[in-house]
Amino acid sequence: MAWDFETDPDFQSRLDWVDRFVKEEVEPLQYVLGHPADIHDPRRNVLVRPLQKIVREHGLWACHLGPELGGQGYGQVRLALLNEILGRARYGPSVFGCQAPDSGNAEILAHFGTPEQKKKYLEPLLANEIVSCYAMTEPQGGADPGVFKCRATRQGDYWVLNGQKWFASHARWAEFLIVMAVTDPDAPLLSRMSMFLVPRDAPGLRIIRDYGFATEESPNHGYLEFDDVRVPASNLLGREGDAFVIAQVRLGGGRVHHAMRTIGEARAALDMMCERVISRETKGERLSNKQMVQERIADSWCELEQFRLLVLRTAWLIDKHKDYKKVRKDISAIKALMPKVLHDVASRALHLHGSLGITTEMPFAHLVMQSFHMGLADGPVEVHKVTVAKQLLREYQPSTGMFPSYHLPDLRERALAKFRAALEHLDDAV
Ligand SMILES: Cc1cc2nc3c(=O)[nH]c(=O)nc-3n(C[C@H](O)[C@H](O)[C@H](O)COP(=O)(O)OP(=O)(O)OC[C@H]3O[C@@H](n4cnc5c(N)ncnc54)[C@H](O)[C@@H]3O)c2cc1C
C-alpha cells in the first residue's frame with residue numbers, strides 16, 4: 001500500500017542544501033537590493049548572477065521545466081517541496097530560475113512558440129538574460145473575460161493591437177509581453193481572444209503609468225496603452241481564438257508552486273511569532289504562557305499543516321494523473337485557501353509583536369497585503385470557490401423522490417426490508 005509522508009533521502013539532501021543556501025546566500029539579498037525583476041540593475045546582477053551559476057552547477061536551475069528544456073523532470077511533489085523553501089526569500093525564485101511571470105510565459109513559449117520565437121525569446125528568458133510580462137487584465141475588469149476590449153485586427157501580414165491593459169506586472173523591465181487580445185468579438189466567449197508576442201519597444205506601446213500595491217516600495221505594475229501597435233502575423237502564439245486554452249497551460253503547476261511558496265512565507269511568520277512570544281514578558285510572565293497567545297500559535301500551526309497537506313496531495317494528484325483537468329477542483333481549492341492562510345498567520349504575527357509588528361521595521365504588514373494580492377491575482381477567491389463547488393456537485397445525483405435519499409424513515413424501512421428475514425423469528429425486534 002502506497003501512502004507515504006516522507007521525502008526520499010536523496011532528494012531530502014538536495015532540499016537540505018537548498019535550505020542552507022537560501023538562508024545564508026539568498027535571503028540577505030532582499031535587504032540590499034530592489035525588485036528582483038529589475039534586470040538592468042548592475043547591483044542586482046553583481047550579486048545575483050554568481051548565485052544563479054551555483055544553482056545551475058547543482059542542477060537546480062529552472063526545475064519546473066521538462067527535461068527537453070534543461071529541467072530535471074522532477075514532478076510536482078518535488079517542485080512543491082523546493083518552492084516551499086524558495087518562498088522564504090524574495091529573491092529565491094529569481095536565483096533558482098522559476099520567477100513569475102517568466103516561468104509561466106516560458107511554458108507558453110515552449111508549448112506554442114515557433115522555432116524562431118523560441119530562439120529570440122525563450123532562450124534568453126530561460127537564462128534570465130531578459131524578463132517578460134503577461135498582459136491580460138484590463139482597467140474595466142480582470143475576473144470576467146467577457147469585458148475585455150483590447151482588439152487585434154489582421155492587416156495583411158500584420159496584427160494591429162489597440163486598447164489598454166492594467167496590472168501588467170514587470171512591464172517596465174520586460175523585453176516582451178504576452179498579450180491577450182480580442183480577435184473575433186462575435187465568437188463564443190472562450191474563443192474570442194488570441195495570444196500575441198509584443199516586443200516592449202514596439203512603436204505605439206506606451207506605459208501610461210506604473211504603480212505598486214500598498215506596501216510595495218517600487219512601482220512595478222503597468223497601466224498600458226496600445227495605439228496601433230503592429231506585430232508580424234508570425235507573432236500570434238498558437239492558433240487564432242485559442243488564448244484561453246493557452247492560458248491554462250501557464251496556470252496548473254504554477255498555482256501549486258505559488259501555494260508552497262506562500263507556505264514558506266507563512267511559516268517564516270510563524271517562526272518569528274514563536275521567537276517573539278518566548279522572548280517577551282508582560283505582567284511578570286512570558287507571552288507564551290498566556291493561553292490566548294497559545295491559541296494563536298496553535299491555530300497558526302494547525303492551519304498551515306492542513307493547507308500544506310492539501311497542497312502536497314494536489315501536487316501528488318497532478319503527478320498521478322498527468323492531466324490538470326482531472327485536478328481542477330483541488331487546484332482551485334488551494335488557490336481559494338491560500339490568501340486566508342497567509343492572511344491569518346501573518347495578522348496574528350503582526351498582532352503578537354505589538355506596536356513593533358505594525359511598523360515598516362517588520363515584514364508583517366507587507367505579508368498581510370500579500371495575502372490580498374494572492375486573493376486577486378490569477379482570479380479572485382470567489383471564482384475559484386465557484387469552480388470547487390461546481391466540480392464537487394458534478395459528483396452528485398438529485399434525489400428522485402419527494403424526500404432526500406437519506407431521509408431517515410425511508411432508510412429505516414429499507415433496512416427493515418433487508419434484515420427482515422434474519423430478524424423475523426425475533427418478533428419483538430422488528
Ligand atoms: C499584485 C497583482 C499582480 C497582478 N499581475 C497581473 C499580471 O501580471 N497580468 C495580468 O493580466 N493581471 C495581473 N493582475 C490582475 C489580476 O488578474 C486581477 O486583479 C484579477 O483577475 C481580478 O480582476 P480585477 O482586479 O479587475 O477585479 P474585478 O474583476 O473588478 O473583481 C473585483 C471583485 O469582485 C468580486 N468578484 C469578481 N468576480 C466575481 C465572481 N465571479 N463571483 C463573485 N465575486 C466576484 C471579487 O471580490 C473581486 O475581488 C494582478 C493583480 C494583482 C493584485
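Which residues does Arg 255 touch, not counting residues up to four places away in sequence?

Guide: The model is predicted. Arg 255 touches Ile 331, Ile 334, Lys 335, Asp 378 and His 384, once residues up to four places away in sequence are left out. Arg 255 itself belongs to helix α8, which covers residues 252-279. Its relative accessible area is 14%, and buried means under 20%, so Arg 255 counts as buried. With one of the residues it touches, Asp 378, there is also a polar contact: the two side chains are joined at 2.7 Å.

Helix α10 spans residues 328-352. The largest nonpolar core has 85 residues, and those with the most contacts inside it are Val 18, Val 26, Val 95, Phe 96 and Met 195. Helix α10 supplies ten residues of this core, the largest share. In soluble globular proteins, nonpolar side chains tend to be buried together. Take Val 18 as an example: leaving aside neighbours within four places in sequence, Val 18 is in contact with Leu 60, Leu 82, Ile 85, Leu 86 and Phe 96. Another core, of 22 residues, lies apart from the largest one, and Ala 168, Ala 171, Val 198 and Val 231 are among its members.

The ligand is surrounded by 18 residues, of which the closest are Tyr 134, Met 136, Thr 137, Gly 142 and Glu 382. For Thr 137, an N or O atom in the side chain is 2.7 Å from a nitrogen atom of the ligand. For Ser 169, an N or O atom in the side chain is 2.8 Å from a ligand nitrogen. For Phe 167 the backbone is involved: one of its polar backbone atoms is 3.3 Å from a nitrogen atom of the ligand.

The structure holds ten aromatic pairs. In one of them, the ring centres of Trp 166 and Phe 167 are 5.9 Å apart and the planes meet at 85°, so this pair is edge-to-face. Trp 166 is partly exposed, at 25% relative accessibility, and Phe 167 is partly exposed as well, at 35%. Phe 167 also pairs with Tyr 211: the centres are 5.2 Å apart and the planes are at 75°, so this pair too is edge-to-face. Because Phe 167 lies in strand β3 (residues 158-169) and Tyr 211 in strand β6 (residues 205-211), the pair ties together parts that are 44 residues apart in sequence. Tyr 211 is buried, with a relative accessible area of 13%. Together with Tyr 223, the residues Trp 166, Phe 167 and Tyr 211 form one aromatic cluster.

The charged end of Arg 230 sits over the ring of Tyr 158, 4.5 Å from its centre. Likewise, the charged end of Arg 56 sits over the ring of Trp 61, 4.2 Å from the ring centre.

Two backbone details remain. Ala 62 is not a glycine, yet it has a positive phi of about 45°. Ala 62 is in the loop between α2 (42-57) and α3 (76-86), and at 2% relative accessibility it counts as buried. Lys 322, also a residue other than glycine, has a positive phi near 50°. Lys 322 is in the loop between α9 (291-321) and α10, and at 71% relative accessibility it counts as exposed.

Key:
Residues numbered from 1 in each chain as written. Predicted model: local features only at pLDDT ≥ 70, side-chain atom pairs only at ≥ 80, totals over all residues. Heavy atoms only, no water. Core = buried A, V, L, I, M, F, W, Y, C linked by side-chain atoms within 4.5 Å. Buried < 20%, exposed > 50% of the residue type's maximum accessible area, 1.4 Å probe, protein only. Helix = DSSP H or I, 4+ residues; strand = E, 2+ residues; numbered from the N terminus. Contact = heavy atoms within 4.5 Å. Phe/Tyr/Trp six-rings, centres within 6.5 Å; stacked < 30°, edge-to-face > 60°. Lys NZ or Arg CZ within 6 Å of the ring centre and 35° of its normal. Near = heavy atom within 4 Å. Polar contact = N/O pair within 3.5 Å; in protein donor to acceptor, adjacent residues only side chain to side chain.
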